[in-house]
Amino acid sequence: MLNPYLLRHELHLTAKKLLKKGYKLNICEISRMEEERKKLQVKTENLQCHHNFLSRLFKDTKNLKTDSKILKNKIIKSGKELQDSKIQLNILKEKIQNFSLCIPNIPDDNVPEGHTSISNHEITYWGQKRKYDFTVQDHVAIGKKFDDLDWTSSANMSGSRFVIMKGNIALLHRALGQFMLDLHTIEHGYIEAYVPYLVHPKALYGTGQLPKFSDDLFHINFTDKNNYILIPTAEVPLTNFFYNKIIDEKDLPIMLTAHTPCFRSEASSYGRDTRGLIRLHQFDKVELVQIVKPEKSMEALEKLTNHAEKVLQLLQLPYRKVLLCTGEMGFSSSKTYDLEVWFPSQKKYREISSCSNMTDFQARRMKARYRKKCEKKISLVHTLNGSGLAIGRTLAAILENYQHADGRVEIPKILQKKYMQGLKFIN
């Protein structure tokens, strides 16, 4: 959530910055509500002072044993007026709060301006694209040939955009998750976490998926009226570790990782490219989350993105790093890098990781703060997250990039001995 100061004192500048993200702020509405809030705030404070004065006066007259019936009636009347004013103020504050929850984060000044992917900035390319002297197959065809990617059985039991993995492809999928966790915990210094897959709505309000993206989530309503939502990413439970908490400055930065399934209804993606493992309702991902001091967050974004890149480099998968323009960024993000891996069957790069700095946007929603050691001052932390990586898409990229003319798929060397039981090829 944006700092209320920006909406109260820098409204037009804030609206201009939000417009770069494709969001048109209703200046008239927020101005009207703020003006009304100020009047109600002053009225409530004046009523409180008057009520306190009458209460003290009543106490004095009671001590003097004088008739205080008239004064008592005045106190009752002022108390009712005060209560009514407080209720009106709280209703208006809640209305402003709900309005603010739908406003996206402001893009960083260094983010390129634009509304489509054409305006994204290509930062780096890594790796050599393999040359093939045979007709390249996509990962769906390869999986069917091995009979290890079963779309028919999964569709019979769950519908479209689910998959059953078997045999060596299932082993490769498991190996990739373990490899990523080992890399991030042993080499990069993240703490591994096991987290809930079901969360209450307030957790998704905290990280910014709600209220805007409600239709893209799987909601579960139990008869006991406890509402749960399946996590769309481990970012939600990992970041919500710090809901309404104050962290000591000496404990920052905090770096967490988790391997979880992710569940996305993705109603808004209907009609897009949903073939194969690219866009499933259920998929696995290793997530990276960092909680840092504000002055360190942009530096942390570079490091976190490098950690995700390292996975692709060790797997020797060609990719490019892209700085997203203002219109392509996520709702909560201030700055985002996308890593896009090469898919030879499509002859294009596809997103495999998105690494973002949320600044204090999520922290303000969650009341996630830290205490400065010297000043004893409490301030909001900055939160960052990124995929390290999406396992299904990584698997698909390996199947395509490592295919051979004889139909075999080579296993990346980094995985063969330790993670794939010595297997060098999927036959």
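A residue is called buried when its relative accessible area is under 20%, exposed when over 50%, and partly exposed in between (1.4 Å probe, protein chains only). This is a predicted model, in which local features need pLDDT of at least 70 and side-chain atom pairs count only at pLDDT 80 or more, while totals for chains, interfaces and linings use all residues. Residues are numbered from 1 along each chain as its sequence is written, and side-chain values use heavy atoms, without hydrogens and water.

Nine of the nine residues of β12 are buried, so the rest of the structure largely encloses it. In a regular strand the side chains alternate between the two faces of the sheet. In β12 both faces are covered, with Tyr337 among the buried residues on one side and Asp338 among those on the other.

Strands pair if DSSP finds at least two bridges between them. Strand β11 (residues 319–323) runs antiparallel to β12 and is joined to it by five bridges; here Val322 has Asp338 as its bridge partner. Strand β13 (residues 348–357) is also antiparallel to β12, with nine bridges, and Tyr337 stands opposite Cys355.

Now the interior. A nonpolar core is a set of buried Ala, Val, Leu, Ile, Met, Phe, Trp, Tyr and Cys residues joined through side-chain atoms within 4.5 Å. The largest has 55 residues, and helix α7 (residues 167–187) supplies the largest share, nine residues. A second, separate core of 18 residues includes Leu7 and Phe99.

How values were computed: Helix = DSSP H or I, 4+ residues; strand = E, 2+ residues; numbered from the N terminus.
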